[in-house]
Amino acid sequence: NMYIDSHLLINIDKEKLSAELENLKDQCNFIALKIGYIISLARLSFKDDNYFKHINAAYKLLNESNSIDLINKNILERKILFLELIIGFYFNKNQHSLFVTINRILTINLENKFIDNNTMFHYLLLLVLNEKTEDAIFILNKEKHYFKGTNKALKEFILSLVYYKENQLKK
């Protein structure tokens, strides 16, 4: 994720790192780890066509595997989906697809009792951008556990955006 967020700020040899990951993937005998390497390759390739090749390969291995237990399958699927969500936001993927991705992540989170404030933040952001500010406020009030401690800034950002959208800037 650091490469996606700060690819202009960090100095790495992307080709060398990709080759190392490919080598590790090819030598790996554990499907779950192999999928993890493929997800890492997708992260490095987010700006080129290899991104889709890696995402599809990760899904293919994940869906064909019978040796990965359900919770680890969910964790790996969630990693792929979250990457698709972030890349979708960066590259303006259609909002319906983003909602579908978010809903699947939230379902996995609920089934496995994961608290994922980043996905919830993106969900609320899409709601606000789609003029569903009342829904966003309702969820913020109901799901308070997502935005505690240092994550309060995410909640405050959403609230600020709601107030802006509703022309209530004095709040």
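The chain has nine helices and zero strands. Read from the N terminus, the order of elements is α-α-α-α-α-α-α-α-α. This is a predicted model. Its C-alpha atoms fill a box of roughly 60 × 35 × 30 Å along the principal axes. We can walk through it by looking at pairs of helices, and then at pockets.

Start with helix α2, residues 14-27, and helix α3, residues 31-44. They pack at an angle of about 165°. Their axes lie 9 Å apart. An angle over 145 degrees counts as roughly antiparallel, so α2 is roughly antiparallel to α3. The crossing of α2 past α3 is left-handed. Which residues of α2 and α3 meet? On the α2 side they are K14, L17, S18, L21, E22, L24, K25 and D26. On the α3 side they are K34, Y37, I38, S40, L41 and L44. Sorted by class, this contact holds seven nonpolar, two polar and five charged residues.

Now move along the chain to another pair. Helix α7 covers residues 117-129, and helix α8 covers residues 133-142. Their axes come within 7 Å of each other. They cross at roughly 155°. Therefore α7 and α8 are roughly antiparallel to each other. Here too there is a handedness to note: α7 passes α8 in a left-handed crossing. From α7, the contact uses M120, Y123, L124, L127 and V128. From α8, it uses T133, D135, A136, I139 and L140. What classes do the residues of the contact of α7 with α8 fall into? Eight are nonpolar, one is polar and one is charged.

Helix α8 has a further partner, helix α9, which spans residues 152-165. The axes of α8 and α9 come within 10 Å. Their crossing angle is roughly 150°. That makes α8 roughly antiparallel to α9. The crossing of α8 and α9 is left-handed. Three residues of α8 can be picked out by name: T133, I137 and L140. They meet K155, I158, L159, V162 and K165 in α9. By class, the contact of α8 with α9 has five nonpolar, one polar and two charged residues. Look again at T133 and L140 of α8. Both take part in the contact with α7, and both also take part in the contact with α9.

Next come the pockets. How much space lies in the largest pocket? The volume is about 200 Å³. Its lining is made of F46, K47, D48, Y51, F52, I55, N56, E84, I87, G88, F91 and K93. Two helices each give at least two residues to this lining: α4, residues 50-64, and α5, residues 70-90. The largest share, four residues, comes from α4. Six of the lining residues are nonpolar, two are polar and four are charged.

The second largest pocket contains about 170 Å³ of space. Which residues line the second largest pocket? They are N103, L106, T107, N109, L110, K113, F114, I115, M120, E143, H145 and Y146. Helix α6, residues 95-112, supplies the largest share of this lining, five residues. The lining divides into six nonpolar, four polar and two charged residues.

To recap, the chain is built of nine helices. The α2 and α3 pair is roughly antiparallel. The α7 and α8 pair is roughly antiparallel, and α8 is also roughly antiparallel to α9. The largest pocket draws on α4 and α5, while α6 gives the largest share of the lining of the second largest pocket.

Notes
Residues numbered from 1 in each chain as written. Predicted model: local features only at pLDDT ≥ 70, side-chain atom pairs only at ≥ 80, totals over all residues. Heavy atoms only, no water. Axes fitted to C-alpha atoms, helices over the stretch in contact; angles between N-to-C directions. Parallel < 35°, antiparallel > 145°, perpendicular 65-115°, else oblique. Left-handed = near helix turned anticlockwise from the far one by under 90°. Contact = heavy atoms within 4.5 Å. Nonpolar A, V, L, I, M, F, W, Y, C, P; charged D, E, K, R; others polar. 1 Å grid on protein atoms, 1.4 Å probe; cavity = no way out; pocket = protein on both sides within 12 Å on 5 of 7 lines; lining within 4 Å. Points joined across faces, edges and corners; volume = space filled by probe spheres on them.
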